[in-house]
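Visitor: Can you walk me through this one? I'd like to start with the ligand, then look at the sheet.
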Amino acid sequence: MEMKNTMNRNPQSDAPIIKPLDPEEFKRQGYMMVDFLADYIRNVSHYPVLSKVEPGYLKQRLPTSAPCGPEPIESILKDVQDHIIPGLTHWQSPNFYGYFPSSGSIAGFMGEMLSAGLNVVGFNWVSSPSATELESIVMDWLGQVLNLPKSFLFCGDHGGGVVLGTTCEAILCTLVAAREKKLSQVGKENIGKLVVYGSDQTHSALQKAAQIAGIHPANFRVIKTKRSNSFALSPDSLLSTILLDVERGLIPCFLCATVGTTAIATIDPIGPLCNVAKDYGIWVHVDAAYAGSACICPEFRHCIDGVEEVNSFSLNAHKWFLTNLTCCCLWVKDHIALTKSLTVNPQFLRNKASESKRVIDYKDWQIPLSRKFNALKLWLVLRSYGVENIRNFLRNHVQMAKTFEGLVRLDKRFEIVVPPKFSLVCFRIAPSAIIANGLSKGVEACYNGKLVNDEYMVNEVNRKLLDSVNSSGDAFMTHGEVEGAFMIRCAIGGTLTEEHHVIMAWKLVQEHANSLLGL
Ligand SMILES: *Cc1c(COP(=O)(O)O)cnc(C)c1O
């Protein structure tokens, strides 16, 4: 019998030509996918937060080669449920407190879906004018919400913002801009003399950027921070490091200051650091990947005081701003410095709009050529929730962190290692509780009877506590280290996290500590 749907046949084989964008099928599968995700979100708190699979687990469950023929979405989704979900660490779980959060939202998801569905590749203005123009508008919006000076906005002189994938890209792009600006003054042959500065709390993204940007490894400065200064980068230490470099004939080029460092959320003093940097023509970038979001609240805005002096500023909206991965917002004061270093003009991309110089071509603000329409997500987030609700969402996390901190302080076996900032609490079992308890089985097992010093023992006990909490699957936290002390980080910021989850997480830590300390 003749098929009703007279499908074209591929001349090379018998397989019919597929219709991968059939609207009716799109609807059917789309609704199914939304149902699947709604169920996932509904059930996510029941999964072990940290995946329990062993390395290589998936190879044993999936075929060794791609299917030749089509498979129905139903069986693919079943495999997702049976094989992929068990191998997830559930970042959307309300009991996820590791690293920094990745706060997804309906608006963030809808924006991602819109962007995926429209599937435009807005590398320059003409390739999708609304993609470029919306991005500029929404970056000005968010810049205003952050109360960034006009010099960072398109409505100012040479400033403006761009949505990149990640902070690593933001640091690399600004470092390359700084490098080219400096080399244009001192001569290209001096690339081996350029020096990059950060602190021992700066994210490894800076080191990676320096490696990629061709900064000589010997010219990468990791300035030591001190507890007495809350582990912030001290302007005096910066100055003395710079002076040594200048004396040796090196050329200071780039400083990455951080607002909300990764281990402990320390805040580097932007204004005073800029005061030092400006005398040496150093490009200052502020990495506010996590804590930048909180700066939309007036009570946290002081954390970026001095930002008017810096050259560039970035935050990850995909961390704590309800915008699904990826969405790194970068603002620069002098976008010509950025585009000078990143522009290429191949014939196939030439067009009247670009030549008129009346448009932004975002390809010149980033590493890749192609780019997703990520600004849609941010636009949907800002519109769907409104700034005041987002502020309260963040404040609620900060409040929950205060609750958690209070609970830690009530248990005298524990200590807060550094004063909590934003929604991050760093704690550990105090040395006194471990050493007083030195002979419990749990503690002994941590160092296997080896002759070890107290610091090692304290660290091992805390490491064991973290492993034990995480392997329960009931909560997930990660660790950090300051001055050789291993500490557990509880980073609150999950979209689904409520106070009762945080209280439960603390009880869980206590229970695991009880058995470790032999109580
Ligand atoms: C998360 C984080 C980064 C890295 O962000 P990516 O977007 O993954 O590159 C850099 N710096 C700080 C302070 C961070 O918290």
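Guide: A definition to begin with: a polar contact is a pair of N or O atoms within 3.5 Å. Keep in mind that this is a predicted model.

Visitor: OK. How far is C168 from an oxygen atom of the ligand?
Guide: A backbone N or O atom of C168 lies 2.9 Å from a ligand oxygen, so the pair falls within the 3.5 Å cut-off for a polar contact.

Visitor: What about the side chains of N316 and K319?
Guide: N316 places a polar side-chain atom 2.9 Å from an oxygen atom of the ligand. For K319, a side-chain N or O atom is 2.7 Å from a ligand oxygen.

Visitor: How much of the ligand does the protein bury?
Guide: The protein buries 86% of the 390 Å² that the ligand exposes when taken alone.

Visitor: And how many residues surround it?
Guide: 13 residues surround the ligand, with T167, C168, D287, N316 and K319 the closest. By class, the shell has eight polar, three nonpolar and two charged residues. Helices α5 (167–186) and α9 (317–320) each supply at least two residues of that shell.

Visitor: Now the sheet. What's the strand order?
Guide: The sheet is open and has seven strands, ordered β2-β8-β7-β6-β5-β3-β4, with mixed pairing. β2 (160–164) and β4 (220–223) each have a single partner strand, so one side of each lacks a neighbour in the sheet. From one strand to the next, the twist averages 20°.

Visitor: Do β3 and β5 run parallel or antiparallel?
Guide: Parallel: β3 (residues 194–199) and β5 (residues 251–258) pair over four bridges. Y197 stands opposite L255 in β5.

Key. Residues numbered from 1 in each chain as written. Predicted model: local features only at pLDDT ≥ 70, side-chain atom pairs only at ≥ 80, totals over all residues. Heavy atoms only, no water. Pairing = 2+ DSSP bridges. Axes fitted to C-alpha atoms, helices over the stretch in contact; angles between N-to-C directions. Near = heavy atom within 4 Å. Polar contact = N/O pair within 3.5 Å; in protein donor to acceptor, adjacent residues only side chain to side chain. Areas by Shrake-Rupley, 256 points an atom, 1.4 Å probe, with all protein chains shown as cover. Nonpolar A, V, L, I, M, F, W, Y, C, P; charged D, E, K, R; others polar.
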